[in-house]
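I'm going through the ligand site and then the sheets, jotting things down as I look them up.

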Amino acid sequence: YYVVQRAKHELAIRKIGGVRAPSLASNPLTAASWFFSAARAQIRNQLLEHYTSFYDVATPECPDCVEIQIMPRERYILTRDPDHIKAVLTTQFSDFGKGPRFHDLWRPFLGDSIFTTDGQLWHDSRSLIRPMFIKDRISDLETFEKGVSALLNKLPPSGQTVDIMDVLYRMTLDVTTEFLLGASVDSLSNPQSEFARAFNDVQRIQMMITTVGPFEAFLPRRRYNQGIQTIDRFMMPYIEQALALPQDELEKLSNSDRHFTFLHSIARYTRDRRVLRDQIVAVLLAGRDTTAATLSWAFYELSRYPDKFARLRSEVIGAVGRTRTPTYADLKDMAYLRHTLNETLRLYPAVPYNLRSALEDTTLPTTPGHPPISVVKGDIVIYSTLAMQRRRDLYPPASEKFEDPALFSPERWEGWTPKPWQYVPFNGGPRICVGQNFAMTEMAYCMVRILQKYDRLEYRGDWHAQRHEAEVVGKPSQGVKIALYEESTKVVGNPVSLGI
Ligand code: HEM
C-alpha cells in the first residue's frame, strides 16, 4: 500500500511539471525524528533557530524552501521565501486555503467561522465581520480608554516590579470582550476569571492538537471540552439578549456609536446562534493575544534602549501633554510611535508560523530559469513570517543610517520602506488581517497613555533567559518584568544589551 501510494504521489509531482524542494526527510522514520526534534525545540523555545537551520540543506536554485514527506500523501513544504508567501496569500490565492484538516481540527473551538473556512463560507464571514472594522467605528476610542485606565490602576507604585505582559494580556481580553459583546470579562480586576482560564486552556490544548498532527487522536480532550462549555456559558446570555432585540431596534442602535457592539452588528444579518458564537470566539482569539504579545515585546525592547524610550515619550508629551486623552488623529500623527510598533512587528510578527493547504495541484516558484516546485493537492505549506523577516539578505547592509537588522531600531523606518511581501506581520491579499487598524490603534493608544504617566523604564527580568515562545502567537517566554518610574523618581541599575 505504502509503495503504491508513494508512487502515485511521485507521479502527481511529475505530472504538475515541477520538482521537489530539497528534502529534510523523505520517509516516516526520518520524519518522526524530525517531528521529535521540532517538538523539543518548541518546548525549549528555540523554534526559530531550529526552523532556520532547516535551510542548511537548501540548494542555490531553491534557497529558502525545503520539504518533509511523512507518509505517501502527507507532505509538508516549509518556506521563508517572500515569493512563496505572496503566491500562497495572493497571486495563487484560490489554490491554497485553510483546508479540510485544519477545519476539522479547529471546529469544536471555532466552528465554521472566518478562521476555519475557505471559499464562499469564508467570504460570507468576512463580509459579516468587516463593517465593524471601518475607520468610523475604530476611531471611537472609549473602549480603549476604559481598558487602559483600568490597566494603569493595576500597575504597582512607581519603581516596583510588574510583569507588564500579564497585565497587557488581561487588558486586551477585557477590551476585546467589551468591543465584541459590550461587556468586559473584567480580568484585570479578577485575574482568576473562569472565562479567562478556560479561554487560555482551550487555546493551549488546541495548539497542541494542531502541532502533534497525525497523533492528535491520542490527546485527552476533557479539559478542552470543559473549557469550550465555559466559554459558551459566558457568551450565550449576551447572544440571547441581542437576539431578543427586534430588527429595527438593532438598526437604530447601529446609528448610535455608544452601546453598539460587534455582536449587534452581526446579529443584524444572522439570527443563527451558532454563527454568532463562532464568529465572536474567532475574533476574540485573533484580537486578544496578538496585540498583548506585540505590546509586551515593545516594552521589552524599549526597556533595553532608554534613549529610544525617551524619544518616544518626548513625541507623546509634545503631541498630547501629560494628561489629555489622545484622539484618533493624534495617534496617526505620531511617526516615532508608528515606527516603534512597525519595528516591533518586524522582529516579532505576532503570528510567527502559519500554514495553508493546497486545494488544487499547483506550483511555487524557484529562482528564475529553474523548474518550479510541484505542490500536490493536500500538501501543506508552512510559512514563517518570523523567519523571513529575520533574513539578513532581505535588508540593506548595516550602516550609520540603517542599524543591523537583528537589532531593534525604530529609526530605520525614517528612510526605508520594506520591499513588498518582505514585511507582512498582518499577512496580505484577500485574507489580510481584518483587525489591522483596530490593533494599531489599540496598541498606540495603550502606549501613549502609559508613556504619559511614566518617564522611565527598567528591565527587571533575566536578559539571558528571555526567549521567543511560539504558540499560535509568539510571546516573550519569561513575561516582561519591568519597573515603571513616574517623573521625579530615580532609576537604579543599567540595562544590558543582548540580541534574541
Ligand atoms: C498585532 C496585532 C495583530 C496581528 C499581527 C495580526 C495578524 C493577523 C494575521 C497574520 C492574520 C492571518 C491569519 C491567517 O489567515 O491564517 C490575521 C487574521 C485575522 N485577524 Fe489579525 N492580527 C492582529 C490583531 C487583530 C485584531 C485586534 C483583530 C480583531 C479585533 C484581528 C482580527 C483578525 C481576523 C478576524 C482575521 C481573519 C481574517 C480572514 O481570515 O479573513 N486581528 N491577523
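Predicted model: local features only at pLDDT ≥ 70, side-chain atom pairs only at ≥ 80, totals over all residues.

I began with the helix that gives most to the site: H14 supplies the largest share of the shell around the ligand, six residues. Helices and strands here are DSSP runs numbered from the N terminus (H or I, at least four residues, for helices; E, at least two, for strands).

Residues are numbered from 1 along each chain as its sequence is written.

How many residues surround the ligand? I get 24, with Ala-286, Gly-287, Thr-290, Cys-433 and Gly-435 the closest. A residue is near a molecule or strand if its C-beta atom, placed from the backbone, lies within 6 Å of it. Helix H6 (119-129), helix H14 (273-304) and helix H19 (436-453) each bring at least two residues to the shell. Sorted by class, I have 14 nonpolar, eight polar and two charged residues in the shell. For the classes, Ala, Val, Leu, Ile, Met, Phe, Trp, Tyr, Cys and Pro are nonpolar, Asp, Glu, Lys and Arg charged, and the others, Gly among them, polar.

**Three-strand sheet.** Next I looked up the open sheet with the order S5-S13-S10, which has three strands and antiparallel pairing. S5 and S10 sit at the edges with a single partner strand each, so one side of each has no neighbour in the sheet. From one strand to the next, the twist averages 40 degrees. Strands count as paired if DSSP finds at least two bridges between them.

I then checked the pairs. Strand S5 (residues 161-163) and strand S13 (residues 481-486) share three bridges; Val-162 stands opposite Ile-482, and Asp-163 has Lys-481 as its bridge partner. H14 turns up again here: it packs on this sheet, touching S10 and S13, and its direction makes about 90 degrees with that of S10. Contact means C-beta atoms, placed from the backbone, within 7 Å. Axes are lines fitted to C-alpha atoms, for helices over the stretch in contact, and angles run from 0 to 180 degrees between N-to-C directions. Strand S10 (residues 454-459) pairs with S13 over five bridges, and Tyr-454 has Glu-486 as its bridge partner.

**Six-strand sheet.** The order I read off is S1-S2-S3-S9-S6-S4, an open sheet with mixed pairing. Strand S1 (23-25) and strand S4 (96-97) are the edges, each pairing on one side only.

Which strands does helix H4 (residues 82-91) touch? I find S2, S3, S4, strand S6 (353-358) and S9, with the H4 direction at about 125 degrees to that of S9.

Is Ser-399 buried or exposed? Ser-399 is exposed, because I find 8 other C-beta atoms within 10 Å; the cut-offs, with C-beta atoms placed from the backbone, are 20 or more for buried, 12 or fewer for exposed, and partly exposed in between. Last entry: just after H1, Gly-17 takes a positive phi of about 100 degrees.

Conventions. Contact = placed C-beta atoms within 7 Å.
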